Amino acid sequence: MDWSPLIISLKTGIVVTALSFFIGIWTAWKIYGTNNKIKCFTDSLLTLPMVIPPTAAGFILLLVFSTRRPIGSFLFDKFNIRVIQTWLGCIIAAFVISFPLMYRNARAAFEQVDKDVIYAARTLGMRESRILTRVAMPAAAHGLVSGSVLTFARAMGEYGATSMLAGNIAGKTATVSQKIAMVTQDGDYFAAGFWVIVVMIIAFIAILLMNIVLSRFIRR
Amino acid sequence: MSVDINIKKDLGNFKLDIEWKSESKRIGILGASGSGKSLTLKSIAGIETPDDGFIKTDGRVLFDKGKKINIIPQKRKTGYMFQSLALFENMSVEKNIKAGAGKYADEKTRDIMDKFGLADKASLFPSQLSQGQKQRTALARIIASEPDTILLDEPFSSLDRHIRDEVQTSLIDMLKNFKGTVITVSHSFDEIYALCDELIVIDKGRVCACGKTEDIFSKPPNRVSAMLTGWENIAFAESREDCIYIPDWDIKLPLYKKDVSYAAIRSNSFSLTDKGDMLCFCVGEHYIKRGPFDCTVYFKPSEKTLKKMCFKLPSYEDIPSKIYLDKKDILIIS
């Protein structure tokens, strides 16, 4: 039994969630403090990958990271980094698609925090980074936890952009989603059903964990 | 000069234009809801940025548009007590106080908790505290951050009436040792009277009166100040050739000044007996607003008018048929 699709999906999900968590929270916090005009513009830009078809996002990424184009060739020539048809491609594709979920949830969660609490922290002389980690994040914990779980689920299940950018190389870039599509095309419904059950169990565990964590917050 | 402010801010449908100087260390800002008093306080704290002007506290420039100075809230040394208290719900009392304590936080926090009677509550979270304890924690947290100025935004409005007096007294007591300036914002004149030596009255974004608290309460310079400092009876007044006439109450007073706009009477200035040369009003048709310790009687002082006047009585059982007022108790406002 080749478990590599599950391992690749899990690895991708964990790395992308970790990246999205930190970058998403930082971006959301920065944008939360700006004026409405900047907010509207950056919000639209950062949400775009969630709205366009994943294959369209994959196509753009393919153009950007192709070694025949400036960015792709620069990465390859200077750092020997290859994105297309590599696990890094899986990560970049899943990150671009699922990052908006973390960002939007984090921003919505920060908007819900009582502004007076943030202002109070400022007048008490607390540094902005301390306000973010000690005051805003605990107060916005609900939104941040659910954002992380949704990001993880989205990253795990990413198909369109990943198949365009990273391809479907067994043991290297083939994720569970790609495996399901492939075995279904081959008519192997048993294998497809097996992977569907695996994905469902993981999704269920993720949501269950989220609910357990959130219920602890509610109790406090 | 403890406070020197001249700020302007345009919010579209509301314009703030505040100019005021004060030497006092205990200042009150009185104003109706939406008059701009909290906006003024937030501008001092650096939470709001004025469009123009300057803010100085104790000679230190916090904001000056012309000189492009705008100190961040963290460096202004202004402790802001919010109406909601804005405690950090995820932190214990001790951690709340320690949050802004800076150097020697542990020692300082311990000392302050002792002084504020919070030592046995150190490990409790804000949700486990009574309203009075929350108030003490919020003030202790501010004191721990060693501010030069403390800003109290409607400090008692969230409290139930039965604990308001107790909390107010303990707040006055706790602030006794604070050497810096305290600016209190409120729409309640009794809170301001209890806490402040000097008073600013704000109306529609502008300062309409400022001076010693007692002076403004006893002789408010305009109608808004009179209303906000608890003068219940206010009516138009006009100067005639030989007298000041108040049409709504049908009262004539000797003409002692020409510049006259309003007349005001406190409801507790009325007397049940004529002490000589007093104005007499017949209390005909009336209605009574009952209070727990006194009652307010509303009546028409003249047949010619619809405007009602009110006076206070200790009990609502014996409403007199006549009520008297010393002419000196009628305040004429320019």
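Analyst: Happy to! A definition first: the axes are lines fitted to C-alpha atoms, for helices over the stretch in contact, and angles run from 0 to 180 degrees between N-to-C directions. Keep in mind that this is a predicted model. With that, H1(A) and helix H5 (residues 87-112) of chain A pack at about 40°, their axes 6 Å apart.

User: Which classes of residue make up the contact of H1(A) with H5(A)?

Analyst: That contact has 21 nonpolar, five polar and two charged residues.

User: Why are H1(A) and H8(A) called oblique to each other?

Analyst: Helix H1 (residues 4-32) and helix H8 (residues 141-157), both of chain A, pack at an angle of about 140°, and their axes are 8 Å apart. Roughly antiparallel requires an angle over 145, so H1(A) and H8(A) are oblique. Their crossing is right-handed.

User: Which residues make the contact of H1(A) and H8(A)?

Analyst: From H1(A) they include Ser9(A), Gly13(A), Ser20(A) and Gly24(A), and from H8(A) they include Gly147(A), Ser148(A) and Thr151(A). By class, the residues of this contact divide into seven nonpolar, nine polar and no charged.

User: How many residues of chain B are in contact with chain A?

Analyst: 18 residues of chain B are in contact with 13 residues of chain A. Strand S7 (residues 78-81) of chain B gives the largest share of chain B's side, three residues. That side of chain B divides into eight nonpolar, eight polar and two charged residues.

User: What does chain B consist of, and how much of chain B is buried?

Analyst: Chain B has eight helices and 22 strands, and its C-alpha trace spans about 70 × 50 × 35 Å along the principal axes. A residue is buried if 20 or more other C-beta atoms lie within 10 Å of its own, and 39% of the 334 residues in chain B are buried. Among contacts in chain B between residues at least 6 apart in sequence, 62% join residues at least 24 apart.

How values were computed. Residues are numbered from 1 along each chain as its sequence is written. Chains are lettered from A and ligands numbered from 1 in the order in which they are written. This is a predicted model: local features need pLDDT of at least 70, side-chain atom pairs count only at pLDDT 80 or more; totals for chains, interfaces and linings use all residues. Helices (H or I, at least four residues) and strands (E, at least two) are DSSP runs, numbered from the N terminus. Angles under 35 degrees count as roughly parallel, over 145 as roughly antiparallel, 65 to 115 as roughly perpendicular and the rest as oblique. A crossing is left-handed if the near helix is turned anticlockwise from the far one by less than a right angle, and right-handed if clockwise. Two residues are in contact if their C-beta atoms, placed from the backbone, lie within 7 Å. Ala, Val, Leu, Ile, Met, Phe, Trp, Tyr, Cys and Pro count as nonpolar, Asp, Glu, Lys and Arg as charged, and the others, Gly among them, as polar. A residue is buried if 20 or more other C-beta atoms lie within 10 Å of its own, exposed if 12 or fewer, and partly exposed in between; C-beta atoms are placed from the backbone.
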